[in-house]
Amino acid sequence: MPLLKPVIEVVNLGRISYGEGLQAQRRFIRRHLNALSQCSTAGSPLSALLLCEHQPVYTIGIRTARYPIEEEERLKQLGAEFYRADRGGLITFHGPGQLVCYPILNLAHFRKSVRWYVGELERTVIQLCHRFGINGETSPDTGVWVRDEKICAIGIHCGRYITSHGLALNCNTDLRWFSHITPCGIEGKGVTSLSHTLKREVTVSEAMEPFLETFAEQFNCLLKR
């Protein structure tokens, strides 16, 4: 008898602040943790894909030493928020024109391996890039790259095999926001977007459906809309 594919709920949050995104993640994580703590026999809650765009925000991950307050204030003066997050990775930017995906997955339903999970996220975005005729690839630095320019940043958190945070794909992001930082702490490399690479406007709406299709294929799951 064939194994049933995991079902993942798709939740489109629209354009929200980074703080609202954190709150949404916590609600969905809590459902899983409550089920684990109660050893529920009623079945575990569905995993979820939280999709959104953020208002301008710079975030730093847990690998970052204390960020100088002067730098934090400088970035805020640009009109962006500033957050310290419990994800992996260093400083990055989120903002309009960027497809942000927060998978809240129970890896017990997939494979209990964080390395495998991050690799699947990268492969999902690489397949998406191929659909747009772009040669996306990995490098020793996490994320997806077009030559020496990052098109998608990845930074995740995983506790009790429940994932949070996720990826940010540049669609038609204003790339000037990245000029004020060293994205992901990587010197000598740039940032690009679907629009910049293709030299035409590619919106988040245009990228969303092919992203969901490649995610479902890569993770061998069913999406509940």
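**Entry 1: helix 3**

I began with helix 3, which has 18 residues and spans 26 Å from its first C-alpha to its last, close to the 26 Å expected at 1.5 Å a residue. For the expected span I took 1.5 Å times one less than the number of residues. Helices here are DSSP runs of H or I with at least four residues, strands are E runs of at least two, and both are numbered from the N terminus.

The model is predicted: I required pLDDT of at least 70 for local features and 80 or more for side-chain atom pairs, while totals for chains, interfaces and linings use all residues. Residues are numbered from 1 along each chain as its sequence is written, and side-chain values use heavy atoms, without hydrogens and water.

Next I looked up burial in helix 3. Buried means under 20% relative accessible area, exposed means over 50%, and partly exposed lies in between (1.4 Å probe, protein chains only). The buried residues of helix 3 are Trp116, Tyr117, Val118, Gly119, Glu120, Leu121, Glu122, Thr124, Val125, Ile126, Leu128 and Cys129. Their cover includes strand 6, strand 7, strand 8, strand 9 and helix 5. After helix 3 comes Gly133, with a positive phi near 80°.

**Entry 2: helix 5**

I turned to helix 5. It has 16 residues and reaches 21 Å between its first and last C-alpha, close to the 22 Å expected at 1.5 Å a residue. Its buried residues are Val204, Ala207, Met208, Pro210, Phe211, Leu212, Thr214, Phe215, Ala216 and Phe219. Asn220 follows helix 5 and has a positive phi, near 50°.

I then checked what Phe219 touches. Contact means heavy atoms within 4.5 Å. Setting aside neighbours within four places in sequence, Phe219 is in contact with Leu105, Phe110, Trp116, Tyr117, Glu120, Leu121 and Thr124.

**Entry 3: the cores**

I counted a nonpolar core as a set of buried Ala, Val, Leu, Ile, Met, Phe, Trp, Tyr and Cys residues joined through side-chain atoms within 4.5 Å. The largest one holds 39 residues, and Leu169, Leu194, Phe211, Phe215 and Phe219 touch the most other members. At least two residues of this core come from each of strand 1 (7–16), strand 2 (47–54), strand 6 (98–104), helix 3 (114–131), strand 7 (144–146), strand 8 (149–159), strand 9 (162–170) and helix 5 (204–219). A second, separate core has 17 residues, including Ala24, Phe28, Val100 and Ile162. In soluble globular proteins, nonpolar side chains tend to be buried together.

**Entry 4: salt bridges**

I defined a salt bridge as a side-chain nitrogen of Lys or Arg within 4 Å of a carboxyl oxygen of Asp or Glu. The structure holds 13 of them.

I looked up Arg31 and Glu9: their side chains meet in a salt bridge at 3.6 Å, N to O. Arg31 lies in helix 1 (residues 18–38) and Glu9 in strand 1, so the pair ties together parts 22 residues apart in sequence. Arg31 is partly exposed at 34% relative accessible area. Glu9 is partly exposed too, at 24%.

Arg131 and Glu213 form another, at 2.4 Å, N to O. Arg131 is in helix 3 and Glu213 in helix 5, so this pair links parts 82 residues apart in sequence. Arg131 is partly exposed at 39%, and Glu213 is partly exposed at 33%.

Salt bridges that share partners join Glu72, Glu73, Lys76 and Arg84 into one network. Within it I checked Glu73 and Lys76, whose closest N and O atoms are 3.8 Å apart. Both lie in helix 2 (residues 69–76), three residues apart, about one turn of the helix. An α-helix has 3.6 residues a turn, so residues three or four places apart point the same way. Glu73 is partly exposed at 34%, and Lys76 is partly exposed at 35%.

**Entry 5: Thr59**

I found Thr59 in strand 3 (residues 57–60). Thr59 is buried, with a relative accessible area of 0%. A polar contact of 2.8 Å joins its side chain to that of Arg87. That term means N or O atoms within 3.5 Å; within protein, one must be able to donate a hydrogen and the other to accept it, and residues adjacent in sequence count only if both atoms are side-chain atoms. Beyond neighbours within four places in sequence, Thr59 is in contact with Tyr18, Tyr83, Arg87, Leu90, Ile91, Thr92 and His94.

**Entry 6: whole chain**

I closed with the totals. The protein chain has five helices and eleven strands. Of its 225 residues, 51% count as buried.
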